Amino acid sequence: MGNATSLLTEADARLLLRRAGFGGTPKDTTKIAKRKLTRAKVVDGLFSFKPKPLKLKKDEGLDQFYDTWLQAMLKTKKPLLEKLVLFWHDHFATNNTTVQNSDWMIRQNGLLRMMAKGNFRSFLKAINTDPAMMDFLDTLRNRRREPNENYARELMELFSLGVLDEAGMPNYAQEDIVQIARAFTGWRLDDDDNPVFREDAHDFNEDFPERGPKVIFKDRAPFGASGADLTSRGEGAVEIDVVIDTLLLHQDSEGKSTVGRRMTRRLFEFFASASPPTAVVDEILMQSGFATTWDITALVKAILVHDTFYANAATPPFDVNTKKSVKWPIDYVVSTLRLLKVVPKRDKDRGVVLENSDTLRAHLEDMGQRLFEPPSVFGWDWEAGWISSATLLSRFRFARDLARNRDKGKENFHPEKLVSLALTAPGAILNAAAAVLGIADQLSDGDRTFLIAYLTDDGAQPTLNLNDPDLRARKLHGLFALLLECPAYQLH
Amino acid sequence: MAISRRSFLKGSSLAAASSLVAPSLLGNPFVRRAFADTIGDRYFLSIFLDGGNDGFNTVIPASNGGGSLRDAYDTARTTGAGGLNVSPSELTNTLIGLDPGSGAQLGLHPGMTGLKQLYDLGKVAVIQGCGYPRQSLSHEEARMAWQSGTPPGTNIGTGWIGRYLAANYGGNDIPGVCIRNEVAGEMRQTATSVLATSRMQSLRFPYDREFDSDIARKRAAFLGLYQGAAGATLPMSAYVGGSGVSTLLATESYNGLHDLYVNARGTFNQAYEDADRSMARDLREAAKVIYGITQGAENVHARMMQIANGGYDTHSDQGGGQSDGQHFDLLAEVGNSLKLFYDDCVDMGVADKVVIMVWSEFGRRVSQNDGGTDHGTQYPVFVLGGSVTGGVYGNHPNIDELALSDDGNTVYSQAAADSFRSTDMRDIYGTILKHWLGMPHQTILQNVLALDSGDPTQRWTQENFDMGFLA
C-alpha cells in the first residue's frame, strides 16, 4: 500500500501528468522520477497557481474567447487549472445555444476559473446568481405566481446531491424541489447584468399559505421530523444561501455526507476512472476533510495521491478490473499538440487553425465536444459516450491532418526533432515515438507486432534509415498517425 | 406511473454495459444484426424540416364544414400584397380528406402535388395538430423536445430513436445512418454506433494519400490494433476496439454503395439528379443504403435514417399559393422528392418496407405578419410509406382568434371531448415503435417515452400507441 508519502515512479508521473494535465514529455517524467519526489510533493506543485480570468480583447465574441481558452490550454504551465475548469464547465453545464449571450458565458468561465480549486460552498452560492446559469435554468423566469422548478431540480440532481445515494436510495422528493423553487423566486438582473433580488417578485410564505412553509427534507438526517426551514435566517434574499447550506448538511440513507460523497465520486471519475467502489469514495472523502471544509483543493489532492488512482498506471495485458477512461476530445487535441510540440496559428478570420486543415474548434466539434455548448444540463456524456463511428473518424482525421504536414514551418509537426534519427531498429523507433506520446508502456505485445509490421513493410526492411527523408516522410510520419489513432491512445 | 428521465439514461448506459461484457459478441462486430432480422428488413426515415414549417399553410381548410375553420383562416391569412392566403380554388388539385373535428374539407398546399399523388394511393397519413405541452418557441429547445421525445425542461440527453436503438443493438452495430455530418438528436445515445455522412461516396477512412503504397499496410496495422483491443478483457478497450473495427469496415462497406446504386439504377439516379434539390439528393443516399441491402451488400445493416432540410423559418417573403413563392418552392421540393423516392422504392420492391416521418420543430403563428409568419406551436406531421394506412388523423388546431394564447398561438389540448384536441408527438412515436419497429407497448413506456404527470387535459398522461396509421 502506498499513500501521499510514496515516491512517484516514472510510470506514476506519466499517469499523473496525463490526468491532472495534458501529458508530460519523456523529459518531464524522467526528471520527476530522478528527483525521488513524493506523490504529495508533486501534487502540491500542480496546485501552485493563482487563478485569473482569461483576458478578452474588446468586442470579441464567444468563438474568439474559445480560441483564447484553447491557446491558454496549449501553452499553460499550470494545466491542472484548465482541467478543473473543464470539469466545472461540465458539472455546471450551461450552453450558449440556450443562453445566447456571449458576455454571460465568458463571465461564467471567469467564475469557474476563480472558484476552480476554492471552496465548494462559496462556489455553489456564486453559481446561484451567475447570469448565464440564471438564464439557462430559468431563475430569471422563476415567478412567484407559478414558481419555475428548473434550477431547483438541477441544483439537487446535478450540482449537489444526485437523485440517488450510494445505496440507491432517493435523496429528495418532488416537494423539496417545489419549496426550493419558491426560495429562488425574485432573482433578476439589473441594467448592468448583475444579480439583484426583487422583493416584490419573491414568493413569501404569507402570500401563498396554501403552499405551506418553505421547509425541505422532512424526516431526513440530520434535520429530523420537522425538516429544514429555508426561512430560518429570515425570508427574502438570504433564502438561496440557506438552501446551499442545507444541501451541504444533507445526509444520505447511510448517514454520510451526501454532497461530500457525490463530489468525491464525480471528481474521482473525472481524474481517475468510472465507478469507484463506495469504500474508496469514503476513504478519500475522509482523508480530504471535504465534508466539513468543502475545500476543493484538499479533495482533488486526496484523489491524486490515492493508491486507487495510481492503479490506473497499469500496463498490458489489462484484466477486466483495470480501469481506463476515454480521453475527452479536448484532452485528445490539446495533449497531442503539446506532446508533439505543434503550435497552431491563430488566423484573424478563422481562428486557431491546424495547418492545411480545419480550425481546432471544428475538429473538436466533429469529435463531439464543442466548449460552451454542452449538449444539455447533464453536460457531456463521458467514457463510451465519446466514441462513435463519426467521432472516431474525426479523431483519425485530426491525426492524419496533423501527421501529413511535412516540411512545413517550425510550429508544425517535426518528428525528426522528437525521435533520434540515429535509431535503426524498428522496435527502438517504435519505443521512442510511443514514449513521446506517453504510451510506450501502454502498448500490448500484439500492438507492437502490428506497428512493427507497418514500419518494416512486413519484415521486408528489417532496419530503417531515418536519415533518408523519403523513408522518414513515409514511415515516421505514418507511425505517429497510427499511434495517434490506436486504441491505447484513446484511453488514459 | 411516469418514470424519471434518469432511468432513461440508466437504461441506455446499461444497454451499453451489457454490450461491453458480452465476450461472445466481440469476434464479429456485426453479429448483433440478429435483432434487426426480427423486424425484417424494415426501414424508418426521419425527415426534419428545419426552421419551423408553416403548418397552417401546409394543410389548409378549404371549407368550414360544420365549424368555422375556413373563416378563421381567412381572418388570419390575408390576400393582396404580401398575403399568404391560399384560396379554395388554389386547392382544387390537392384536396385530401375532411378534418375529423369540424368536417372541414382539407387541402394540401398547392405546391405538394407530388405528395397528393401518394395520398391518393392511400400511402400518406396526414396527422394534424401535433405538438407537446408547454411548447417552446425557441428553435433549439423545440427541436430538442421533438428529437428527445420529451417536453422542454426535461433535459434528457438522448433521442427517442436513440433510446430504441440502445435497447436493441450492440456497440458494434451500425443500425442508424444520418445523411449529414452529425448524428441527429433523435438518434443520440451511446450504446451503439450511428454513422453520420452526407454522402456515401465520401465516407472514407482518412488515409494519408501521399504514400499510396503505405495504405494497405496502414489498414492492416489499424485493423490489427483495433481487433486486438476488441478482444481485450478490459471493457473500455473492448468497446473502443469494437467501435474502431466497425467504423473501418463501414467506411469500406458503405462507400461502395454509391457505385452499386449508380451503376444499377441509372434512370432513378438521373431523376434525382434532374430534381436538383437537396432533399432529393439526400433521399438518393438513403436509397443507396436500401438498395445495397437488397443486393446483400456486406456489412450494411442500417434500419434508421435521418435527413434534414432547411429554409422553413419563413418570417418574411413566405408567399401563398402561387408557384413563385418561397413556401411553395419548399413544399414542392418535399412533395416531389418524396414521390420520387417512393417510386424508387416501389421499383426496388421495398415500398412496403419503408416508413417515413416528416416533422418540424414547430408550426407558425396563426396570424401572418407583413409577408411571413413567426414561430408557432402545433402543426401537421406526415407519415408515409407502402405499409401506411393513409388518411387524415388528428384534429386541425383551433385557429379562432378567441381560442389563441396570449402570444397568438394555438393551444395544446388533450381534453377528450375537445374537437380540436391536439396530437401529442409521443403518440406518433409510440405508434411507430409499436406497430412498425416491434417494440412492446410497455417497453416503450419504460425505455423510450415517459408519460407526463399533471392535468390530463393539458398534459400527455394517457398514451395512444394505436393511432391507426400503421396496422
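**Close-up views of a predicted two-chain model**

View 1. Once its neighbours within four places in sequence are set aside, I293(B) is in contact with D41(B) and V300(B). The coordinates shown here and in the other views belong to a predicted model. With 20 other C-beta atoms within 10 Å, and a residue counting as buried at 20 or more, I293(B) is buried. S387(B) is 94 residues away from I293(B) in sequence, and the two C-alpha atoms are 19 Å apart in space.

**View 2. Helix α5 of chain B and the elements that cover its buried residues.** Because 7 of the 10 residues of α5(B) are buried, this helix is largely enclosed by the rest of the structure. The buried residues are A142(B), R143(B), M144(B), A145(B), W146(B), Q147(B) and S148(B). Their cover includes the helices α6 (160-168) and α13 (425-435) of chain B, together with the strand β9 (354-360) of chain B. Directly after α5(B) comes G149(B), a residue with a positive phi, near 75°.

View 3. Chain B contains 14 helices and 12 strands. Its radius of gyration is 23 Å, close to the 23 Å that the globule rule gives for 471 residues, so chain B is as compact as a globular protein of that length. Taken along the principal axes, the box filled by the C-alpha atoms of chain B is roughly 70 × 55 × 35 Å. Among the 471 residues of chain B, 60% count as buried.

**View 4. The contact between chain B and chain A.** Chain B contributes 42 residues to this contact, and chain A contributes 46 residues. On the side of chain B that touches chain A, the elements giving two or more residues are α1 (5-20), α5 (139-148), β7 (194-196), α7 (215-230) and α8 (235-255) of chain B. Of these, α8(B) gives the most, with 11 residues. Sorted by class, this side of chain B has 20 nonpolar, 14 polar and 8 charged residues.

**View 5. Packing of helices α1 and α2 in chain A.** Helix α1 (residues 10-19) of chain A packs against helix α2 (residues 26-34) of chain A at an angle of about 130°, and their axes are 8 Å apart. The two helices α1(A) and α2(A) are therefore oblique to each other, and their crossing is right-handed. From α1(A), the contact is made by E10(A), A13(A), R14(A) and L17(A), while α2(A) provides D28(A), T29(A), T30(A), I32(A) and A33(A). The residues of this contact comprise 4 nonpolar, 2 polar and 3 charged.

**View 6. Packing of helices α18 and α19 in chain A.** Helix α18 (residues 329-339) of chain A and helix α19 (residues 360-367) of chain A pack with their axes 9 Å apart and at an angle of about 140°, and are therefore oblique to each other. The crossing of α18(A) and α19(A) is right-handed. P329(A), I330(A), Y332(A) and V333(A) of α18(A) meet L360(A), H363(A), L364(A) and M367(A) of α19(A). By class, the residues of the contact of α18(A) with α19(A) are 7 nonpolar, 1 polar and no charged.

Methods:
Residues are numbered from 1 along each chain as its sequence is written. Chains are lettered from A and ligands numbered from 1 in the order in which they are written. This is a predicted model: local features need pLDDT of at least 70, side-chain atom pairs count only at pLDDT 80 or more; totals for chains, interfaces and linings use all residues. Axes are lines fitted to C-alpha atoms, for helices over the stretch in contact, and angles run from 0 to 180 degrees between N-to-C directions. Helices (H or I, at least four residues) and strands (E, at least two) are DSSP runs, numbered from the N terminus. Angles under 35 degrees count as roughly parallel, over 145 as roughly antiparallel, 65 to 115 as roughly perpendicular and the rest as oblique. A crossing is left-handed if the near helix is turned anticlockwise from the far one by less than a right angle, and right-handed if clockwise. Two residues are in contact if their C-beta atoms, placed from the backbone, lie within 7 Å. Ala, Val, Leu, Ile, Met, Phe, Trp, Tyr, Cys and Pro count as nonpolar, Asp, Glu, Lys and Arg as charged, and the others, Gly among them, as polar. The radius of gyration is taken over C-alpha atoms; the globule rule is 2.2 Å times the number of residues to the power 0.38. A residue is buried if 20 or more other C-beta atoms lie within 10 Å of its own, exposed if 12 or fewer, and partly exposed in between; C-beta atoms are placed from the backbone.
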